[in-house]
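Please keep the sequence and the three-dimensional view at hand while reading.

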Amino acid sequence: MKCLRFIVIFALLGWLFTSPLLAQEDIKVGSSIDLSGPLKVLGGNVLTGIEAYLNRVNQNGGINGKKVKFVVYDDRYSPALTVKNVKRLILNDRVVALLGIFGTPPTLAVMGIVEAMKVPLIGPITGNGALYTQVNRYIFTVLPSYKDEVNALVKQAVDDGHRKLAVIYKKDAYGWTCFRYAVDALKSLGVDSVIKGRVDSPQKVEEVLLKIKQAKPDALLVVATPEVSRPLVAAMLKHGYFLPVYANMWSEFDGVLKGLDPHDLGRFKKVVVSRMFPMLSEDYPLIKDFKEDIAKYFPDKSPDITQMPGYVVARVFVEILRRAKSFDSQGIVKAAESIKNLDIGLPEKISYGPEDHVGFSRIYLYSFNGKYSRIK
């Protein structure tokens with residue numbers, strides 16, 4: 001009987017250590033994204049991009065046989081809710097990493113938690129300077145910074161001959177940061193004339209535009225979000241006031257213009273927009289993969305450039321996981337710091353190190369008149 005008992009025990013132990021269920025245990029990661037608040041469209045697109053790439057990975061066997069399980073909660077772009085969500089993800093869901101926390105105020109709200117609980121945050125969807133100026137052991141950026149984006153737009157405006165810029169931005173952490181970057185960029189180029197266009201609420205956009213008009217700028221820099229761009233375009237049409245516009249990606253200024261009839265669109269004589277990644281019409285391996293994955297996993301949706309940040313963040317994160325010797329915080333951090341000249345299908349490569357947690361920095365600029373044309 002004792003012999004039989006030992007045989008049964010050894011058989012059970014053998015099953016436990018070779019069980020496909022254990023071998024395929026999920027790698028659980030999480031995020032907090034605005035899915036029902038003021039930036040729900042952008043947040044939803046970021047989520048689509050993340051899920052599209054993770055679906056590709058899981059369908060092709062996962063990471064060493066393990067599927068990546070993505071747990072996401074809606075924070076309605078409220079930093080207080082982001083804090084609650086992140087604590088829930090770490091303490092209850094037991095995620096091994098955070099991926100693509102969406103927005104500047106939400107990301108800033110959880111930086112301390114990430115560091116205190118030693119859970120890596122890969123690719124926050126923000127370009128706030130606090131993430132780029134000093135190394136936080138547990139945060140790795142993927143996207144270019146807001147400073148990179150604003151500098152590119154300002155330099156283009158100055159190269160185009162403009163010397164008196166008005167800057168429209170929303171009264172929040174994101175807007176103020178971008179405004180300061182614009183002021184600094186202009187000063188570095190020998191331009192001191194900056195007109196402040198702070199928007200306290202979307203209802204105040206028309207009032208702000210009329211004050212800007214009185215100051216007679218020669219170009220308009222828009223570093224805002226769609227809730228500002230929509231009333232801004234309406235006010236420009238209403239008052240027949242069409243300055244050259246230089247707009248950041250998240251403003252979706254060009255997206256608002258696409259909804260206009262050809263006559264009204266033609267009244268916007270010059271619009272330059274920035275992109276963190278190439279437009280979908282360009283021929284790069286990343287763009288090809290992205291289009292295929294959106295079509296395959298989200299056939300009811302069209303590929304959109306604002307899905308791309310989530311897709312790229314997920315792609316870089318998966319490459320980190322593939323290098324990890326263990327799926328815990330230290331294993332993931334060490335794997336991330338080992339990344340050198342990673343090619344994800346773009347001209348620019350990505351590298352990290354113990355003293356360098358900053359990812360991409362290149363910005364792509366396009367002129368828009370109903371169609372996009374790359375500014376070389």
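Two strands are said to pair if DSSP finds at least two bridges between them. The model described here is predicted.

- Strands of a sheet pair through backbone hydrogen bonds, either parallel or antiparallel.
- In this model, 5 strands form an open sheet with parallel pairing, and their order is E2-E1-E3-E4-E5.
- Strand E2 (68-74) and strand E5 (139-140) are the edge strands, each of which pairs on one side only.
- Within the sheet, strand E3 (residues 97-99) pairs with strand E4 (residues 121-122) in the parallel sense, over 2 bridges.
- Ile122 in E4 is the bridge partner of Leu99.

**Helix H4 and its packing**
- Helix H4 covers residues 79-91, which makes 13 residues.
- From the first C-alpha of H4 to the last, the helix reaches 18 Å, close to the 18 Å expected at 1.5 Å a residue.
- The buried residues of H4 are Leu81, Thr82, Val83, Asn85, Val86, Leu89 and Ile90.
- These buried residues pack against three strands of the sheet, E1 (27-33), E2 and E3, and also against helix H5 (104-117).

**The largest nonpolar core**
- The largest nonpolar core has 137 residues.
- Phe253 and Met308 are the residues with the most contacts inside this core.
- Helix H13 (residues 308-323) gives the most to the core, with 10 residues.
- Leaving aside residues up to four places away in sequence, Phe253 touches Ser229, Leu232, Val233, Met236, Val245, Ala247, Phe268 and Val271.

- Asp289 lies in helix H12 (residues 285-297).
- Asp289 counts as buried because its relative accessible area is 15%, and the cut-off for this class is under 20%.
- The side chains of Asp289 and Arg315 are joined by a polar contact of 3.1 Å.
- Apart from residues up to four places away in sequence, Asp289 touches Arg56, Tyr311 and Arg315.
- Glu319 is found in helix H13.
- Glu319 is also classed as buried, because its relative accessible area is 15%.
- With residues up to four places away in sequence not counted, Glu319 touches Tyr53, Ile339 and Leu342.

Conventions:
Residues are numbered from 1 along each chain as its sequence is written. This is a predicted model: local features need pLDDT of at least 70, side-chain atom pairs count only at pLDDT 80 or more; totals for chains, interfaces and linings use all residues. Side-chain values use heavy atoms; hydrogens and water are left out. Helices (H or I, at least four residues) and strands (E, at least two) are DSSP runs, numbered from the N terminus. Buried means under 20% relative accessible area, exposed over 50%, partly exposed in between (1.4 Å probe, protein chains only). A polar contact is a pair of N or O atoms within 3.5 Å; within protein, one must be able to donate a hydrogen and the other to accept it, and residues adjacent in sequence count only if both atoms are side-chain atoms. Contact means heavy atoms within 4.5 Å. A nonpolar core is a set of buried Ala, Val, Leu, Ile, Met, Phe, Trp, Tyr and Cys residues joined through side-chain atoms within 4.5 Å. The expected span of a helix is 1.5 Å times one less than its number of residues.
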